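Reader: I have a sequence and a set of coordinates to look at. Please show me how to read them, one feature at a time.

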Amino acid sequence: MKQTSLLGLLLSCLLFPAVSVADENAGFLQKIYLSFCVKHLENYGTLRAQLEQQELPKLPPEQARAFLHNKPGDAWPIPFKGQFGFFVMALPEGDQECRVMARAGDAAANRRWFARMAEQAPAPLQPSMLADDQLEYPLSGPSGRLSWQWATEHAQRSLVLTLITAQEPEAPIQAQVSLALANR
């Protein structure tokens, strides 16, 4: 399947309604994910160049490293209600993955919108669950992971959608959602 048609299919995901106003953090996390990671899936390099051209403040490499899991790349704080520090978007080098992290948020609300979206892959992509388990995540400690794969039957590459939510309310990162291109 060509990437250009894949983008059109993924943009249809932007039509998913946001979660209730009761959890603005989950709604904003969803909005960032769809607006940056999903919308720019075909070319994260272009997204990176646009952000740099707009001269958006980028985290210094020593701060970005944690959000990039000690890999090279770039990370930007995303303003929420006029303040920085609650959301970060990271683009690891290689332009095959986009991540968004949130310092606050309701795990159940995030799991609802994410699962609803992941279960409904746009045709001809077929969704398949990869993980619904627990893990120790460096940025949030004990966490829940929900991961899906979207691909056509014989595709050599797939899209991997992953949500990680903290189990402890005092964890520094409460949620991370990512979209990656991966070999099968």
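Author: Start with the cysteines. Keep in mind that this is a predicted model.

Reader: Are Cys 37 and Cys 98 buried or exposed?

Author: Cys 37 and Cys 98 are both buried.

Reader: What joins Cys 37 to Cys 98?

Author: A disulfide is called when two cysteine sulfur atoms lie within 2.5 Å. Here the sulfurs of Cys 37 and Cys 98 are 2.1 Å apart, and a disulfide joins them. The structure holds one disulfide. The pair links distant parts of the chain, 61 residues apart: Cys 37 belongs to helix H2 (residues 24-38), and Cys 98 to strand S3 (residues 97-102).

Reader: Why is the disulfide of Cys 37 and Cys 98 left-handed?

Author: Look at the torsion about the S-S bond. For Cys 37 and Cys 98 this torsion is about -65°, so the disulfide is left-handed.

Reader: Now the strands. How do S4 and S5 run, and how many bridges join them?

Author: Strand S4 (residues 126-137) and S5 run antiparallel, joined by eleven bridges. Three residues lie between S4 and S5, and the two strands form a hairpin.

Reader: Which strand pairs with S5 over eight bridges?

Author: That strand is S6 (residues 157-166), and the pairing with S5 is antiparallel. Ser 143 stands opposite Ala 166 in S6. A hairpin of five residues connects S5 to S6.

Reader: How many residues of S5 are buried?

Author: In general, side chains in a regular strand alternate between the two faces of the sheet. As for burial, S5 (residues 141-151) is mostly covered, with nine of its eleven residues buried.

Reader: Which residues have the most contacts inside the largest nonpolar core?

Author: The largest one here has 40 residues, and Tyr 33, Met 89, Phe 114 and Leu 179 have the most contacts inside it. Helix H2 gives the most to this core, nine residues. Apart from this core lies another, of twelve residues, including Leu 59, Phe 67, Val 88 and Ile 173.

Reader: What is Tyr 33 in contact with, leaving aside its neighbours within four places in sequence?

Author: With those neighbours left aside, the contacts of Tyr 33 include Val 38, Val 100, Trp 113, Phe 114 and Met 117. Leu 161, Val 177, Ser 178 and Leu 179 are also in contact with Tyr 33.

Note on methods
Residues are numbered from 1 along each chain as its sequence is written. This is a predicted model: local features need pLDDT of at least 70, side-chain atom pairs count only at pLDDT 80 or more; totals for chains, interfaces and linings use all residues. Side-chain values use heavy atoms; hydrogens and water are left out. Helices (H or I, at least four residues) and strands (E, at least two) are DSSP runs, numbered from the N terminus. Buried means under 20% relative accessible area, exposed over 50%, partly exposed in between (1.4 Å probe, protein chains only). Two strands pair if DSSP finds at least two bridges between them. A nonpolar core is a set of buried Ala, Val, Leu, Ile, Met, Phe, Trp, Tyr and Cys residues joined through side-chain atoms within 4.5 Å. Contact means heavy atoms within 4.5 Å.
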